[in-house]
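Colleague: I am new to reading structures. Please take me through a few features, one at a time.
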Amino acid sequence: MVVHSKSVTSPPGSSQPSRRAVVGAGLIAVPAVTMLSAAPAYAAASEARTITITTPSGAVPASGSVPVTVTVLAPNGTPLTGRPISLVGPSQSTFTPADGVTDGAGTFATSFRLNKPWATPGSSALITAVSESGSGSATFTVLGANMLLTDGIGVTQAPTQFTSPIVRTGTGPFNELVVLRDGTLWVRGTNSNDPFVKVQGISGALDIAASSAYTGTFYVLKDDGTVWAWGDNRTGQIDQTGINQDTPVQIGGLSNVIKIAASSGALYALKSDKTLWAQGQNNAGKAGVGTTTTPIPLTQVVGGTDVVDVAGRWRGGLLVKSDGSVWSWGEGEAGYIGDGTTTTQLAPIKLVSPTNVTSVTAHLMAVSWGAFVIFAIDATGAAWVWGDNSTGAYGNGTTTHSLTPIKIAGVSNVAQVICGPVAGVYALKNDGSLLTWGRGASTPTPWTPPRPITRLPTINEGAYSNRIGPITSETTVSVDVTQAQVAAGTAGTVVTRVAAGSSGVAGATVTLTTTAGALAAASGTTSPSGVFQTTITPDVWTSPGAVVRVTAGDDTGTSSDTFTVLGANLAGTGSNDRGQVLGKAPGAGEEHISTVRQTATVFPSPVIDVTVSGLNGSTSLALLADGTVWAVGHNDAGQLGMGDQSSRSTWTQIPGLPAIASIWTEGWSSYAVDQNGDFWSWGESRFSLLGEPLAQNRLSPAKVAGLSGVKAFYRAESTSCIVQKNDGTWWAWGWNGNGLLAMGNTVELSTPTRVTALDGFTSLANSFGYGFIGLKADGTVWGWGGNADGQLCDGTTNSASLPIQIPGLSNIVEITAGTGDSYPEATGYARASNGTVWGWGKNHRQQVDNSGQTNLTTPVQVTGPTNPTHISATYASLYALQGDGTLWYRGASANNNSNTTGTTVAVPRPIQKMTTVYHARAGRQGIRIVTTSS
């Protein structure tokens, strides 16, 4: 689930983002070629232009600021002045300033900070400039430094100047050296704070060694197996000419070399055939060739076969053979040989212990010649020590020397151990942890540097720098929102991990940002396992289906992950005994909802329509933007479409439906039109309500044969259906008592039948008792069907099987109807183009006016709503969406009290769509609101 951002530069003529609406620029964790002004990023706009972004070196430092110049030119090269510029960089980077305008030369100058001090050297940073409707991007190489500098007390980062990661570091006489992954070699003075300088003439470098004799000699092992050197050559350290070398030269006669080491004035070279060779100064037998003749040409060390490791020390050396034995030679002072004596050895002798050794190293302990200590690591990971202990290198709390190797107590699983002249002893364990000791009589103590360490430096013979340069691990930061979907208003878990390889990095500082929602913690430090965990909570009104991006960053880079919000832009009031409003099982006091409340946040896509039936226990259907239909509530006749008759108290997607365009639920039946125009029905089948004669209720959706192109659906109570097709024709089926199907008779229809009497009508209204009211294109209102209370306004109580005009209404643009206390009772409402609203029929809850009349047989103006844009009625009440976006009602309230003057209803979000509960009875009235999202 992890997603990394990237940017794309568009060519001329392509669509471009507006200012600030830019694809997120990112730090790319792979080497890339810098894009300079010679390769401009183009922008397409109404005015053609070229946008270039440059820095002085074509690179950006991982830390610190760098000047950035944006240039905007016309196609003919003319500077475009006064053009607005906005800059966007990788996450957590900054510009000072980020916005401005081009000057007379068409340029805008700013400074940029990547703010990623430990970004991998040679990685890339993308900067995007936006100017009006155009944009351009450029990729810059990151200058970094994956190396610490420590004197055993303070810790700093090396200069962030390298275009490739450091793979070897070392110190020699008067110099500090680093080898980069790209094979280049860099050098600067010991203890200097100056930048490193690239050594010319060296490529393919793998490792380094240095000798202290005279002014020092430096050796480089290259990837082709050759060895190169420069510096002092007075005793044949480089060749037999005795001439010092100012620049690197190849050492003759050496090939297939896999490791190098140096003593004071001598070179050791281990070849791929496991033979060991030496050349240079040989006083005290340091060359290990059995004599003290000096200098000596390139000569194989006595017994120098089957060798797997080599180390140089002052006036001597050590080797390890394949069988794990250690051999030592040279000056015997201070027990450097390790054989229990101080006798000088002109050729290697085998030590009794340790055995099963894998590597050896030797280091200068203090700024005084001859104070050397030797370390060996065996196959178990134990560390052994002998030689000088004046500064506590043994780690045993003493400064007493030993003439034979002793095991260092409390140190195990060691991968590498070194000692610096001042900085003390450091042991890097295989699990990445570190121990340090030796600045006086001390014992090994855990040390946690500010960055994980992958390799300790080579402390060459004769190096008396006050500090060492451990190489830091290349770490990665990743973020994972553990849930692919998070419900709005609830917390999702965010796990950020910083790792070096497969190992977590403890104590790393991470920061997090999000495109939406609230983070419980926006920053923190990683645990011992390298993890920082927090939560993200989307706002409860976040749009369903919204994709939220969480970005985590440390001082090396960033990573992002996304999740989808399950939301609900739907709220309402009314009966909730089966979760019809809240979409969840009702709690105490929640069987009826009297104030507008949000339904459960479960939808993966925004709600675009909702329909509710209030007959004998309500059912709710919601249509989502993705074309799915969800249902909740009563299911007496299978109206939920779940294949059974079990009610549902939580929103559940109806299976078996294609992508749907429209939905309706009436009584105990439900209907839908799919995006191909086909009509579907399910639920109660009596009176052929499902559009065809069926003996049993239909528990799952099924397509109605021969009925397609439906654009509007209406139903009278629980008995009769009328639909309008896209061609404007009207069709009806079901019970036809009181002539409510407008066929001119009372004959029941078992299949959809054309209704010619409704030609010219544009819409109808549900819930008008045993009848309908309809609106014609000329703005007049008509009614038919039941007329027990005179609701047809014709002065009689006689039913009408054909439409008759409701008098006194003109220029009407919308109609609606609400139920009374019994099936025949109804109230009609009409909204005129001038904003007035009119009502007639039942008025027993003053849902129309305060005249005291319970039946209004002529339309009267409804007082109260201001500039209504939509009206909808339910049981004994009228709701109106007013011009200012507020919701107004009068009549029976959601808790069944009477409001006789009209008032507004508090709603939690702006309203997109409002509907009322159809066919409601007292106590079941209510509304549903499709809201905007946050």
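Colleague: Which residues do ring pairs link into a cluster?

Modeller: First, a caution. This is a predicted model, where local features need pLDDT of at least 70, side-chain atom pairs count only at pLDDT 80 or more, and totals for chains, interfaces and linings use all residues. Residues are numbered from 1 along each chain as its sequence is written, and side-chain values use heavy atoms, with hydrogens and water left out. Now the rule: rings of Phe, Tyr and Trp (its six-membered ring) pair if their centres lie within 6.5 Å. Planes under 30 degrees apart count as stacked, over 60 as edge-to-face, and the rest as tilted. Here the cluster joins Trp664, Tyr671, Phe679, Phe713 and Trp733.

Colleague: How many aromatic pairs are there in the whole structure?

Modeller: The search finds 21. Take phenylalanine 679 and tryptophan 733: their ring centres are 6.0 Å apart and their planes stand at 80°, so this pair is edge-to-face. Phenylalanine 679 is in strand 60 (residues 678–683) and tryptophan 733 in strand 64 (residues 730–734), 54 residues apart. Strands (E, at least two residues) are DSSP runs, numbered from the N terminus.

Colleague: Are phenylalanine 679 and tryptophan 733 buried or exposed?

Modeller: Buried means under 20% relative accessible area, exposed over 50%, and partly exposed in between (1.4 Å probe, protein chains only). Both phenylalanine 679 and tryptophan 733 are buried.

Colleague: In what order do the strands of the open sheet lie?

Modeller: The general idea comes first. Strands of a sheet pair through backbone hydrogen bonds, either parallel or antiparallel. Two strands count as paired if DSSP finds at least two bridges between them. In this open sheet, four strands run in the order 58-59-60-61, with antiparallel pairing. Strand 58 (660–666) and strand 61 (698–708) are the edges, each pairing on one side only. Strand 58 is joined to strand 59 (residues 669–674) by six bridges. Isoleucine 663 stands opposite alanine 672 in strand 59.

Colleague: What do strand 24 and strand 25 form?

Modeller: They form a hairpin with four residues between them. Strand 24 (residues 266–271) pairs with strand 25 in the antiparallel sense over five bridges. Leucine 267 has glutamine 279 in strand 25 as its bridge partner. In the turn, lysine 274 has a positive phi of about 70°. Four of the five residues of strand 25 (residues 276–280) are buried, so that strand is largely enclosed by the rest of the structure.

Colleague: Where does the charged end of lysine 271 sit?

Modeller: A charge sits over a ring if NZ of Lys or CZ of Arg is within 6 Å of the ring centre and within 35 degrees of the ring normal. The charged end of lysine 271 is over the ring of tryptophan 277, 4.9 Å from its centre. Lysine 725 lies over the face of tryptophan 731, at 4.3 Å from the ring centre.

Colleague: How many salt bridges does the structure hold?

Modeller: Side chains of opposite charge can pair when their charged atoms come close. The cut-off is a side-chain nitrogen of Lys or Arg within 4 Å of a carboxyl oxygen of Asp or Glu. The structure holds 21. One of them joins aspartate 207 and arginine 168, with the closest N and O atoms 3.8 Å apart. Aspartate 207 lies in strand 19 (residues 205–211) and arginine 168 in strand 15 (residues 166–172), so the pair ties together parts 39 residues apart in sequence.
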